Amino acid sequence: MQGQPAHPAARPGRAGRAGGDAVGLRHRAQPGGRAVTVLPTTAGEFRLRPVEPADLPLLADWMNDPAVAAFWELDGPPQRTALHVRKELDAGNALYLGELGGVPMSYWEVYRVEHDRLAGYYPAQPGDMGLHLLLGPASHRGRGLGAVLLAAVAEDLLRGAPRVVAEPDVRNTASIRAFRRAGFAAVSEIDLPEKRAALMVRERARPQGTV
């Protein structure tokens with residue numbers, strides 16, 4: 001859905017976060033010690049778990065779908081996807097594989113905006129969280145699932161963050177539509193080195209009666 005080129009020259013300024021800053025979703029300990037986030041949605045129980053080395057062939061397969069490659073630009077040999085994943089992890093970002101009904105069907109990147117180049121392109125607030133989403137199998141696209149899952153994940157992140165932001169390519173109308181349906185507002189367009197992006201923002205709901 002979203003996507004951001006992995007070429008180093010096209011992604012300047014992404015830095016590691018300061019030690020001790022938690023990035024990501026709230027986990028439940030599962031048998032075997034695996035940390036899993038379980039979110040109820042109208043599409044069924046959605047589970048997110050940290051990406052593991054064994055997931056790389058599946059992610060590489062998704063990245064080679066032409067519809068995905070048009071925006072993520074990670075098509076090619078599996079090593080290209082592996083390098084991207086390693087760079088994201090080295091930067092301190094949280095990467096997840098999403099499962100719906102036990103079926104792996106999405107890839108998520110969550111990061112602190114204040115430690116990302118994106119902070120230089122809009123009035124970022126301390127604690128803003130950034131989000132990238134890829135719906136992998138073509139069978140899971142075009143069904144409204146993106147909006148449902150984005151809403152659930154954003155709601156979870158907003159427990160500890162003032163805002164969740166995203167910057168899909170302005171040409172990716174399906175992604176922008178999903179973000180809108182998930183409660184995000186398109187507040188502006190920004191010129192990143194590799195694309196013109198729609199800045200999508202979802203804020204934490206204010207308690208009833210506050211101004």
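Tutor: Two strands are taken to pair if DSSP finds at least two bridges between them. Helices (H or I, at least four residues) and strands (E, at least two) are DSSP runs, numbered from the N terminus. The structure is a predicted model, in which local features need pLDDT of at least 70 and side-chain atom pairs count only at pLDDT 80 or more, whereas totals for chains, interfaces and linings use all residues. Residues are numbered from 1 along each chain as its sequence is written, and side-chain values use heavy atoms, with hydrogens and water left out.

Student: How many bridges join E2 to E3, and in which sense do the strands run?

Tutor: Five bridges join E2 to E3, and the two strands run antiparallel. Thr 37 has Leu 48, in E3, as its bridge partner. A hairpin of two residues connects E2 to E3.

Student: How many residues of strand E2 are buried?

Tutor: A residue is buried at under 20% relative accessible area, exposed at over 50%, and partly exposed in between, for a 1.4 Å probe and protein chains only. In strand E2 (residues 35-41), five of the seven residues are buried, so the strand is largely enclosed by the rest of the structure.

Student: Which strand pairs with E8, and over how many bridges?

Tutor: Strand E8 (residues 185-192) pairs with E9 in the antiparallel sense, over seven bridges. The bridge partner of Leu 192 is Lys 195 in E9.

Student: Which residues of the largest nonpolar core touch the most other members?

Tutor: A nonpolar core is a set of buried Ala, Val, Leu, Ile, Met, Phe, Trp, Tyr and Cys residues joined through side-chain atoms within 4.5 Å. The largest has 32 residues, of which Phe 46, Trp 108, Leu 131, Leu 150 and Val 153 touch the most other members. Several elements each supply at least two residues of this core, including strand E3 (44-50), helix H4 (145-157) and strand E9 (195-203). H4 gives the most, with eight residues. A second, separate core of 12 residues includes Met 63, Trp 72, Leu 97 and Leu 134.

Student: How many salt bridges does a search of the whole structure find?

Tutor: A salt bridge is a side-chain nitrogen of Lys or Arg within 4 Å of a carboxyl oxygen of Asp or Glu. The search of the whole structure finds 15. In one of them, Asp 55 meets Arg 49 with the closest N and O atoms 2.8 Å apart, and both Asp 55 and Arg 49 are buried. Arg 49, Asp 55 and Glu 99 are linked in a network of salt bridges.

Student: Is Arg 112 buried or exposed?

Tutor: Arg 112 counts as buried, because its relative accessibility is 19%. Its side chain meets that of Glu 114 in a salt bridge (3.9 Å, N to O), and Glu 114 is partly exposed, with a relative accessible area of 40%. Another salt bridge joins the side chains of Asp 191 and Arg 196 (2.6 Å, N to O); Arg 196 counts as partly exposed, at 36% relative accessibility.
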